Amino acid sequence: MMQDTIVAISTPIGRSGIGVIRLSGSNSLSIAQTLTQNSNFNPQPRVASLKKIYESDELIDEVIITFYQSPQSFTGEDVVEIACHGSPILLRQTVDVCLKNNARLAEAGEFSLRALENGRINLSQAEAIRDLIDAQTVGSARLAIRQLRGEFSKQLQPLKDDLLNVIVILESAIEFVEDDLPEFQSQAIKESLTHISNKLTDLSATFKVGKLVRDGLRIVFVGRPNVGKSSIFNALLGQERAIVTNIAGTTRDSLHERLVIKNIPISLIDTAGLRETTEVVESIGVERTKQTLVDADLVVVVLDNSEPLHKEDFDIFEQVIGLQHIIVLNKIDVERKIDLKLIREKMVEVSAKTGEGLKNLEKELVEPFSNEDINTKGFIVSDARHFDLLNRAKLEIDSTLSLLDNNLSEEIIVIGLHNAIRLLGQITGETTTEDMLTRIFSTFCIGK
């Protein structure tokens, strides 16, 4: 167990009704006693106490202090939580007093890291805490809660147990059996490994939906100037986020906003109009638009119903070949002058001005990605790290099956199985290196 005591503000910085400071480590209670200027302060665990806290003889605030005694705490260490009034000044002052009394400012994710190291949670559960904090929709929050409850670990443990059983048989054969494995035993091993491989395939297959619910979509609006990209952007958001004028080139840079459609988080991006221009600032915006297209999950090409197709429109058609995209025909509230025969793709017709067709557009934005049930009752893999490890473990097992079919020695066969169980162990943290843990927990917020 770590000896130093860490401290951090666990609530977002800013004015609020309450701000919470968290201490974890062997000196947590003694620091609380210093703050209250009461060396006899020995609160009952998990019972809130109303106390005044001080810096020297100066009153800082009247607070609620709750003590969680080791090992019955989130980190497995002695933990003190101080609920102050939510003034950033008061919170900072209280943290400073803790630092003066031998506490250290916590690093990103360090409370969760200590919980992992003290056996309170495993690595996939720690990552679920981060995902729960970052959840953008009810669906992504539910996914994180299920992982936090240990459902992923429960899915993996029987597979790791079966894998270990096979390894034991092969290792025993290396040590004690001079001849090859009997045919019946070799066949049983193949059946067991095939079952594990199929289960890993089933888990990996859920990542498409899990990634959608967790990370959402990047949707980019492109088109030549004045076709109404920004107007549609504003209409979907329900607010005047982008400036809209009749002047070509009004949008000079990409605008990013978030919204939710059918429980899928969407990053909506409005871009500068694509055209040849000598204006320096606009040309930079046009180049950024082209770069943005590469990272988009979906490109929305906006056309103007009130004008014939321009050369810029055909240039954009060329640029989106090979990219997931849809065509949106805007300004259907005015006389049609566009020749639809020149467009060979399905179109969504809308009027950003009247709102006509916007509901259908919302449906079409997520339709290519939501063919599967995002509310499935089965467990869903949502983390790219987990997905990668599952696939690598499956490849090791499939390679082992090929070696078995070729009747290679047990010494060679067992290597891939050891690799597979190590990879599965990295998901829950049993075999994860310190460098990997550092990278993972650096993505957490301070105070968690």
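Student: Why is Cys-84 called buried?
Tutor: Cys-84 has a relative accessible area of 2%. Buried means under 20%, exposed over 50% and partly exposed in between, with a 1.4 Å probe and protein chains only, so Cys-84 counts as buried. The model is predicted: local features need pLDDT of at least 70, side-chain atom pairs count only at pLDDT 80 or more, and totals for chains, interfaces and linings use all residues. Residues are numbered from 1 along each chain as its sequence is written, and side-chain values use heavy atoms, leaving out hydrogens and water.

Student: How do you know whether Cys-84 is in a disulfide or in none?
Tutor: A disulfide is a covalent bond between the sulfur atoms of two cysteines. The test applied here is a pair of cysteine sulfur atoms within 2.5 Å, and the count by that rule is 0. For Cys-84 the nearest cysteine sulfur belongs to Cys-98, 8.8 Å away, so Cys-84 is in no disulfide. Cys-98 is in no disulfide either, with the sulfur of Cys-84 as its nearest, at 8.8 Å. Cys-98 is buried, at 0% relative accessibility.

Student: What makes Phe-207 and Phe-387 an aromatic pair?
Tutor: Rings of Phe, Tyr and Trp (its six-membered ring) pair if their centres lie within 6.5 Å; planes under 30 degrees apart are stacked, over 60 edge-to-face, and the rest tilted. The count by this rule is 3 aromatic pairs. Phe-207 and Phe-387 are one of them, at 4.3 Å centre to centre with 10 degrees between the planes, so the pair is stacked.

Student: Which parts does the pair of Phe-207 and Phe-387 tie together?
Tutor: Phe-207 is in helix α8 (residues 207-215) and Phe-387 in helix α13 (residues 384-405), so the pair links parts 180 residues apart in sequence. Helices are DSSP runs of H or I with at least four residues, strands are E runs of at least two, and both are numbered from the N terminus. Phe-207 is buried at 11%, while Phe-387 is partly exposed at 26%.

Student: Why is the pair of Phe-314 and Phe-317 called edge-to-face?
Tutor: Their ring centres are 5.9 Å apart and their planes stand at 90 degrees, so the pair is edge-to-face. Phe-314 and Phe-317 are 3 residues apart in helix α11 (residues 311-319), about one helical turn. Phe-314 is partly exposed at 35%, and Phe-317 is buried at 15%.

Student: How do you know that Arg-22 lies over the face of Phe-111?
Tutor: A charge sits over a ring if NZ of Lys or CZ of Arg is within 6 Å of the ring centre and within 35 degrees of the ring normal. Arg-22 is 5.3 Å from the ring centre of Phe-111 and lies over its face.

Student: What makes β8 and β12 edge strands?
Tutor: Two strands pair if DSSP finds at least two bridges between them. The open sheet has 6 strands with mixed pairing, in the order β8-β9-β7-β10-β11-β12. β8 (255-261) and β12 (347-349) each pair on one side only.

Student: How do you know that the pairing of β7 with β9 counts?
Tutor: β7 and β9 run parallel and are joined by 5 bridges, and the rule asks for at least two. β8 and β9 (residues 264-270) are antiparallel, over 7 bridges.
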